[in-house]
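I opened a new page to note what I looked up in this structure. The entries follow in the order I made them.

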Amino acid sequence: MSITSNLLKIKDGLPENVDLVAVSKTKSTEEIMEAYKAGQRIFGENKIQEMSEKWAVLPKDIKWHMIGHVQRNKVKYMADFVDLVHGVDSLKLIQELDKQAKGSDRKIRCLLQISIAEEETKFGLSEEELWTIIHSDPRTQFANIQIVGLMGMATYTDNEQQLRTEFSYLRTLYGKLQSAMDGISILSMGMSSDYRLAIENGSNMVRIGSSIFGDR
Ligand SMILES: *Cc1c(COP(=O)(O)O)cnc(C)c1O
């Protein structure tokens, strides 16, 4: 199967309201260009350096999403161009994103990453930490970032019931956040192995790598 046919098949099966992030980490610019020529415009990377190297040489209408854990000292390298940062998990990171966005004269869109998996190695905020951030009124304090939704990574398991529980927990939290503030419209959950279940449980943005580009 080629990248083009994988991509078109996945896109075909997605509901209209669900955006596809093609996760291109470790993949070459040639492979990314094949997906681009097939119509894909949103690409996800998990390392800032790799993303900025690709951004420099690839078409400028690509929307680059930072989906990995963000190191604060590297934010400056993506502030000029990043379209959406999925893994925002602290007030300190929000501060740095705001500062660098201001320096680049931009507004950077962010998702707050929530810890939903049982594995402790996965990053993310607890519900309590989420509300602490929201109650600190980030919109007034940080004029150059825009919080637009939530992101989560489920446990790596094929236990469907567990996946449903984790995804629906995040969907509920997303609903509460929508009631608490305006402009919340993105719920990023689901990867190659679990995106159908994620969509059934309310996801409107899926991050798919290996099912498009092959194994890494
Ligand atoms: C790598 C990665 C993905 C994509 O994983 P696949 O299993 O290749 O689809 C999605 N989200 C995050 C945060 C990732 O790091």
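I started with pLDDT, which is the predictor's confidence in each residue, on a scale from 0 to 100. I needed that term here, as the model is predicted. I then looked at the elements: helix 6 (residues 138-141) has the lowest mean, 90, and strand 7 (residues 186-188) has the highest, 99.

Next entry: the core. I found that the largest nonpolar core has 63 residues. Phe43, Met78, Val85, Leu97, Leu112, Leu150 and Ile212 have the most contacts inside it. Helix 7 (residues 160-180) gives this core its largest share, six residues. I noted another core apart from it, of eight residues, including Leu84 and Ile186.

Beyond its neighbours within four places in sequence, Val85 is in contact with Met66, Val70, Met78, Leu97, Ile108, Arg109, Cys110 and Leu111.

Then I checked Thr155, in the loop between strand 6 (145-153) and helix 7. Is Thr155 buried or exposed? Its relative accessibility is 5%, so Thr155 counts as buried. Its side chain makes a polar contact with the side chain of Gln162, at 3.5 Å.

Last entry: the ligand. I listed the residues around it, among them Val23, Lys25, Met153 and Ser192. A polar side-chain atom of Arg207 lies 2.9 Å from a ligand nitrogen atom. For ligand oxygen atoms I noted 2.8 Å to a polar backbone atom of Gly209 and 2.8 Å to a polar side-chain atom of Arg216. On its own the ligand has 390 Å² of accessible area, and the protein covers 90% of that.

Technical notes: Residues are numbered from 1 along each chain as its sequence is written. This is a predicted model: local features need pLDDT of at least 70, side-chain atom pairs count only at pLDDT 80 or more; totals for chains, interfaces and linings use all residues. Side-chain values use heavy atoms; hydrogens and water are left out. A nonpolar core is a set of buried Ala, Val, Leu, Ile, Met, Phe, Trp, Tyr and Cys residues joined through side-chain atoms within 4.5 Å. Buried means under 20% relative accessible area, exposed over 50%, partly exposed in between (1.4 Å probe, protein chains only). Helices (H or I, at least four residues) and strands (E, at least two) are DSSP runs, numbered from the N terminus. Contact means heavy atoms within 4.5 Å. A polar contact is a pair of N or O atoms within 3.5 Å; within protein, one must be able to donate a hydrogen and the other to accept it, and residues adjacent in sequence count only if both atoms are side-chain atoms. A residue is near a molecule or strand if one of its heavy atoms lies within 4 Å of it. Accessible areas come from the Shrake-Rupley method with a 1.4 Å probe; for residues, only the protein chains shown count as cover.
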